[in-house]
Amino acid sequence: MKVELFNDHFQNFKRYGIPKAQLVIADIPYNLANNAYASSPEWYNDGEIEKGESKKANAAFFDTDVDFRIAEYMHFCSRMLVNEPKGKGKAPAMIVFCAFQQLQMVIEYGERYGFKHYIPLVFIKKSSAQVLKANMKIVGATEYALVLYRDKLPKFNNDGMMVRNWFHWDTDNTYPKIHPTQKPVPVLKRLIEIFTDPGDVVIDPVAGSGSTLRAACELNRSAYGFEIKKDTFKLANEKMLNHAEMSLLAL
């Protein structure tokens, strides 16, 4: 098993010679720009309107959350997923977490790059982050993702149980919170268990906190990730990945 996080853009993957993956899983930027915290109490100091706007008011989660290029991402996935196998039950897949408004775009771009089929996933949370709008309208308490695949159904480990297209948003606060849109390790582990076997390769092209790599490592899968922000890469190294046996490579 090998796990590596690169402080680089996923477009530069060729320089690292990483193996192709059984599963590519990523939380792509939502392109929210300066509306990232618009419905969160974090917009204000200590979450209180009376104390005025915080430094997060009119701020983006990160400077790449403006013009994420989905075509480049799909090209990467088409290159870095293993080829379609001859037998059944071994095909690769990718999972894309995205905003509800991005679902159709992801489906359309996926088809352009050979991912003809998809399965929508919904994750149900116990509460909503849209606190500031709770007295104004129905607030969101779900996350969305798509499983995309080429022709054959992807590898599927259901252990004899029915797997529905909705999941509970299970959290574990023993893992560090590094990134504002960080996905819970238990959620990632469940998805990795379904679509891969021990020893398979998992890739996260926009790794952020490194939670995908941590989840894969704990399940005995090899994993590779890319994160362009040096400060986020540093935090992922120090807080998320420092308890696992990994090689963290930076430019």
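Buried means under 20% relative accessible area, exposed over 50%, and partly exposed in between, computed with a 1.4 Å probe on protein chains only. The model is predicted: local features need pLDDT of at least 70, side-chain atom pairs count only at pLDDT 80 or more, and totals for chains, interfaces and linings use all residues. Residues are numbered from 1 along each chain as its sequence is written, and side-chain values use heavy atoms, with hydrogens and water left out.

**View A. Cys 77 and Cys 217.**
Cys 77 is buried, at 0% relative accessibility. Cys 217 is also buried, with a relative accessible area of 14%. The whole structure contains zero disulfides, a disulfide being a pair of cysteine sulfur atoms within 2.5 Å.

**View B. Thr 232 in helix α5.**
Thr 232 lies in helix α5, residues 230-240. Helices (H or I, at least four residues) and strands (E, at least two) are DSSP runs, numbered from the N terminus. The relative accessible area of Thr 232 is 13%, so this residue is buried. Beyond its neighbours within four places in sequence, Thr 232 is in contact with His 179, Gly 208, Ser 209 and Glu 227; contact means heavy atoms within 4.5 Å.

**View C. Pro 120 in strand β4.**
Strand β4, residues 117-124, holds Pro 120. With 39% relative accessibility, Pro 120 counts as partly exposed. Its contacts, leaving aside neighbours within four places in sequence, are Ala 145, Leu 146 and Asn 165. Pro 120 and Asn 165 are 45 residues apart in sequence, and their C-alpha atoms are 6.7 Å apart in space.
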